[in-house]
Amino acid sequence: MSFPTHRPRRLRTTPAMRRMTAEHRLAAPELILPAFIREGLTEPNPIASMPGVVQHTTDSLKRAAAEAVELGVGGIMLFGIPAERDARGTASLDPDGVLNKAIRDVRAEVGDELVVMSDVCLDEFTDHGHCGVLDADGYVDNDATLEIYAAMAVAQADAGAHMLGPSGMMDGQIGVIRQALEDAGHTNTAVVAYAAKYASAFYGPFREAVDSQLKGDRRTYQMDAANRREAILEVELDLAEGADLVMVKPAMSYLDILADVAAMSTVPVAAYQISGEYSMIEAAAANGWIDRRAAITESVLGIKRAGANMVLTYWASELAGWLKES
Ligand code: PBG
């Protein structure tokens, strides 16, 4: 034979050929925008380690949500930064607390046009910065934390969240939250389980984003980067407890985990492209070392290709805008 039996390059010859034969493509409805609101701000506050991302005021958050709707983005994930913190994160339960109020405000702005999601976790609300309450030895007390998560979940559902995102990695959190929602009559409030969430250095910029008080790390509750099999166990448990969606987090250093979870999950799978993943690309682009738009697009497409049905990304609205152009 004097010619290659197969020439994969044929399908790469023109942009139209590549577009038609692409196995995966990005679409705005599967993008979810994480957003921060900080109590007491009068102007949006830039987050230095996440260029382009801000801590919102109520007004700027409402504008960002309206813009996301305009661009066809699928959802928004809200994180609140309270003015006052204490050891038990009490502000998280206040119906007029920063996050619960933000949920109400965003719902009033977007109605059902955007899936309004909220973070069920204590780290933004505790003065020690851990995702749960501490016992006498300073260990994060799993079951005492669950009781607070249950009340927090109901408060967020009362405020109008369509979907709750428990991100604290306490054992049993999905079951306890599901039960509390059912008992409170919130049968249609969905839960996206941060099922396989790893203790990651790439959360660094998020600490600035939420003014975290954490000293030390979260290794007694978040997963160890060395573990792959364990992710399947975490997902199985969350599915058994009633998770409506499961999430893998971070995304880019955990694409094998994402592929494993996508292969076994019976519910849709989300992945969270986290703060450090955002900041790395922004920093390299700002230095002129990579093509910003191409790198962003490729990174999110890679997460989809690995098996994510939805991607949480700080570029959600910008990406959706690009998708509209093309
Ligand atoms: C915990 C939470 C964190 C993130 C989302 N939810 C921080 C952590 O686990 O340390 C990180 C998101 C990001 O880095 O973009 N409430």
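Me: Quick one to start: is Thr313 buried or exposed?
Reply: Thr313 counts as buried, because its relative accessibility is 0% and the cut-off for buried is under 20%. Keep in mind that this is a predicted model.

Me: OK, and where does Thr313 lie?
Reply: In the loop between strand E10 (310–312) and helix H11 (316–325).

Me: Which side chain does the side chain of Thr313 make a polar contact with?
Reply: That would be the side chain of Gln273, at 2.8 Å. If you skip neighbours within four places in sequence, Thr313 is in contact with Leu31, Ile32, Leu33, Pro34, Gln273 and Val300.

Me: What does Gly75 touch, then?
Reply: Not counting residues up to four places away in sequence, Gly75 touches Leu31, Ile32, Leu33, Leu114 and Val115. Gly75 lies in strand E4 (residues 75–81), and it counts as buried because its relative accessibility is 1%.

Me: Switching to the ligand. Which residues are closest?
Reply: Asp123, Lys197, Lys249, Ser275 and Tyr314 are the closest of the 17 residues that surround the ligand.

Me: What are the distances from a ligand nitrogen to Asp123, Glu124 and Lys249?
Reply: For Asp123, an N or O atom of the side chain is 2.6 Å from a nitrogen atom of the ligand. For Glu124, the side-chain N or O atom is 3.3 Å from a ligand nitrogen. Lys249 has a polar side-chain atom 3.2 Å from a nitrogen atom of the ligand.

Me: And how much of the ligand does the protein bury?
Reply: 100% of the 400 Å² that the ligand exposes when taken alone.

Me: Back to Lys249. What kind of peptide bond joins Lys249 and Pro250?
Reply: A cis one, with omega at about -10 degrees. Most peptide bonds are trans. Pro250 is found in the loop between E8 and H8.

Me: Which residues other than glycine have a positive phi?
Reply: Met169 is one of them, with phi near 60 degrees, and Asp211 is another, with phi near 50 degrees. Most residues other than glycine have a negative phi.

Me: Are Met169 and Asp211 buried or partly exposed?
Reply: Met169 is buried, with a relative accessible area of 6%; Asp211 is partly exposed, at 25%. You'll find Met169 in the loop between strand E6 (163–166) and H5, and Asp211 in the loop between helix H6 (204–209) and H7.

Me: Let's do H7. What should it span, at 1.5 Å a residue?
Reply: Helix H7 has twelve residues (229–240) and should span 16 Å; its end C-alpha atoms are 17 Å apart, which agrees.

Me: Which residues of H7 are buried?
Reply: Ala231, Glu234, Val235 and Asp238. They cover an arc of only 95 degrees around the axis, so they sit on the same side of H7. The face turned away from that buried side carries the exposed residues Arg229 and Ala240.

Me: What covers the buried residues of H7?
Reply: The cover includes helix H5 (173–183), strand E7 (190–197), strand E8 (245–249) and helix H8 (255–264).

Me: Zoom in on Val235. What is it in contact with?
Reply: Ala195, Val246, Val261 and Met264, leaving aside neighbours within four places in sequence. Val235 counts as buried because its relative accessibility is 0%.

How values were computed
Residues numbered from 1 in each chain as written. Predicted model: local features only at pLDDT ≥ 70, side-chain atom pairs only at ≥ 80, totals over all residues. Heavy atoms only, no water. Helix = DSSP H or I, 4+ residues; strand = E, 2+ residues; numbered from the N terminus. Expected span 1.5 Å × (residues − 1). Buried < 20%, exposed > 50% of the residue type's maximum accessible area, 1.4 Å probe, protein only. Arc of directions from axis to C-beta. Contact = heavy atoms within 4.5 Å. Near = heavy atom within 4 Å. Polar contact = N/O pair within 3.5 Å; in protein donor to acceptor, adjacent residues only side chain to side chain. Areas by Shrake-Rupley, 256 points an atom, 1.4 Å probe, with all protein chains shown as cover.
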